[in-house]
Amino acid sequence: MFTIKLQPDKSIRILHAFVLALLLASCSIDNGDNLDRVPNQGLFIYLETNRHKESNEAQIAAAVFKDGEAINLVGGDVFKAHTDSNQVLLKNKGFYTGSYADSLPVSNGDQTVSLSIAHEPIKTREDRWYPIDLINQDPGPGELVGLSASITFPTDVSITGPAPSAIYTRMDENINLSWVAAGEGDSMMLRSAISCKDELSTSTYGTKVEIGNDDGIETIGVDKLIFDTTVENPILTFIDEIAQAMLQEILNDLSAGKADPDFFARKIPANPAVSDCEIQLFLFRQREGAFDTAFDSGSVIGSTSAEVTIQYFPNM
């Protein structure tokens, strides 16, 4: 337990791409603030972190919004996350506009991780650009310094089904997803990274399925993962940018740094419905956290995850 205080004909391919663009547009998030949970009024804290099974790092992203607009941390102000033995400053641009992200080393001995807004002028100056007349000046802490959020990582996820490399051949089939239930009132989310190939091209994309209760079993239709680019599919939901970024980091870790850096950014020239597809299922156990009372509202989520890979071969 961890606690965070924080070759088809060219015209057909063009049609496929056009239909996909329509589908993606219908599933996209509000680009006004690039984070659909941000209210238009008040001070809002966003914090999300995930630890994948057997990983020694946690992926962390954080941001603060005021009246719907992201607040950029300037001067020496920075998000800081730390355990008893490790710490990291979130100086990298994050997954959403105005967010910051990084990986924090964690181990079994690190029971508590704290995330706060700190004033670290010397360390932040190493990576931030300053006008020459201000490079040695420190404007002092901003109004957000000292604020924090907290999360408790839920129990690690252990998937018991489907079996690795299980094969599905029809979109109307069901996948019997099962896992060891923790019985702690957490919610579950299934996200996928899917790669499909026909004779000439490859498609890569991600989907999500909100499962809800952590009861250990869920039936998932293959049509919530695989879709026909020539037919509108109201069932399938594409993952949003935060999930894309988190999964991209997990894929990179699982492949020892050899993951395609543009996996979720590619177009879809191959029609998944009639292509051979590898489906990596990532099951997340999610838990809501708490945030400093100085914030009016927030979205604070900690999660653990595990994965299993299955196959879709429609022509068997």
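## A buried pair: R285 and D214

Both R285 and D214 are buried, a term that stands for under 20% relative accessible area, with over 50% called exposed and the range in between partly exposed (1.4 Å probe, protein chains only). This is a predicted model, in which local features need pLDDT of at least 70 and side-chain atom pairs count only at pLDDT 80 or more, while totals for chains, interfaces and linings use all residues. Residues are numbered from 1 along each chain as its sequence is written, and side-chain values use heavy atoms, with hydrogens and water left out.

The side chains of R285 and D214 form a salt bridge, 2.8 Å from N to O (a side-chain nitrogen of Lys or Arg within 4 Å of a carboxyl oxygen of Asp or Glu). This pair links distant parts of the chain, 71 residues apart, with R285 in strand β17 and D214 in the loop between β15 (202-213) and β16 (217-221); helices (H or I, at least four residues) and strands (E, at least two) are DSSP runs numbered from the N terminus.

Because R287 lies in strand β17 (residues 276-288) and D186 in the loop between β13 (174-179) and β14 (187-197), the pair ties together parts that are 101 residues apart in sequence. R287 counts as buried at 16% relative accessibility, and D186 counts as buried at 6%. A network of salt bridges links E184, D186 and R287.

## K80 and E120

The structure holds six salt bridges, among them the one between K80 and E120, whose closest N and O atoms are 3.4 Å apart. Both K80 and E120 are buried.
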